[in-house]
Amino acid sequence: MQQVVEFVGNNPIISFAWVGLFGAVIYTFIQPMLSKVSSVGNHEATLLINKEDAVVVDVRTNDEYKKGYIAGARHIPLTQIQANNFKPIENLKGSPIIVVCETGMRSGSAANALVKDGFEKVYNLRGGMTDWKSANLPITKK
């Protein structure tokens with residue numbers, strides 16, 4: 001123990017960096033458990049769509065959306081969600097909603113915004129459309 005105290009006294013910057021990294025690792029493990037947004041993969045998303053009539057909300061830009069989207073997806077760009085414009089899905093607060101973007105990063109913030117507005121069952125598609133396409137799952141451009 002004395003050696004640890006001596007090391008911390010001689011290397012405060014490195015010690016604070018280690019404490020910060022340790023805190024970040026702990027936060028990464030605990031945060032998903034506390035979040036009301038669940039992350040789902042392609043298989044779970046397909047089951048939600050087919051068995052529970054989940055609604056897919058695509059938050060990508062117009063150009064990204066035109067390149068292909070999950071059949072039946074409702075396009076609500078992230079900018080609209082950030083402006084609290086949920087009109088196209090306002091009546092679906094009790095239904096399962098799967099939020100998708102290109103890689104699964106932007107959809108996380110959109111999913112959190114939906115939860116804050118009162119949507120009950122919100123899921124984030126892990127890996128987004130990139131993983132969906134990689135798995136050769138169907139997309140449409142119509």
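In strand S5 (residues 121-125), Leu125 is the bridge partner of Val40. Helices (H or I, at least four residues) and strands (E, at least two) are DSSP runs, numbered from the N terminus. The pairing of S1 with S5 rests on 3 bridges, and these strands run parallel; two strands pair if DSSP finds at least two bridges between them. The model is predicted: local features need pLDDT of at least 70, side-chain atom pairs count only at pLDDT 80 or more, and totals for chains, interfaces and linings use all residues. Residues are numbered from 1 along each chain as its sequence is written, and side-chain values use heavy atoms, with hydrogens and water left out.

The pair S1 and S5 belongs to an open sheet of 5 strands, which has the order S1-S5-S4-S2-S3 and parallel pairing. At its edges stand strand S1 (38-40) and strand S3 (74-75); each has a single partner strand, so one side of each is left without a neighbour in the sheet.

Strand S4 may be considered next. On one side, 4 bridges join strand S2 (residues 55-58) to S4, and the two run parallel; here Val56 has Ile98 of S4 as its bridge partner. S4 is also joined to S5 by 4 bridges, again in parallel, and Val99 stands opposite Asn124 in S5. Between S4 and S5 the chain passes through helix H6 (residues 106-116), and this β-α-β crossover is right-handed. That term applies if, with the strands pointing away from the viewer, the path from the first strand over the helix to the second runs clockwise.

How enclosed is strand S4 by the rest of the structure? In this strand (residues 96-100), 5 of the 5 residues are buried, so S4 is largely enclosed by the rest of the structure. Buried means under 20% relative accessible area, exposed over 50%, and partly exposed in between (1.4 Å probe, protein chains only). In a regular strand the side chains alternate between the two faces of the sheet. In S4, Pro96, Ile98 and Val100 point one way, Ile97 and Val99 point the other way, and all are buried.

Ala83 lies in the loop between helix H5 (78-82) and S4 and is exposed, with a relative accessible area of 56%. Although Ala83 and Ala113 are 30 residues apart in sequence, their C-alpha atoms are 9.7 Å apart in space. Val25, in helix H2 (residues 12-34), is partly exposed, with a relative accessible area of 43%. Val25 and Leu48 are 23 residues apart along the chain, and 31 Å separates their C-alpha atoms.
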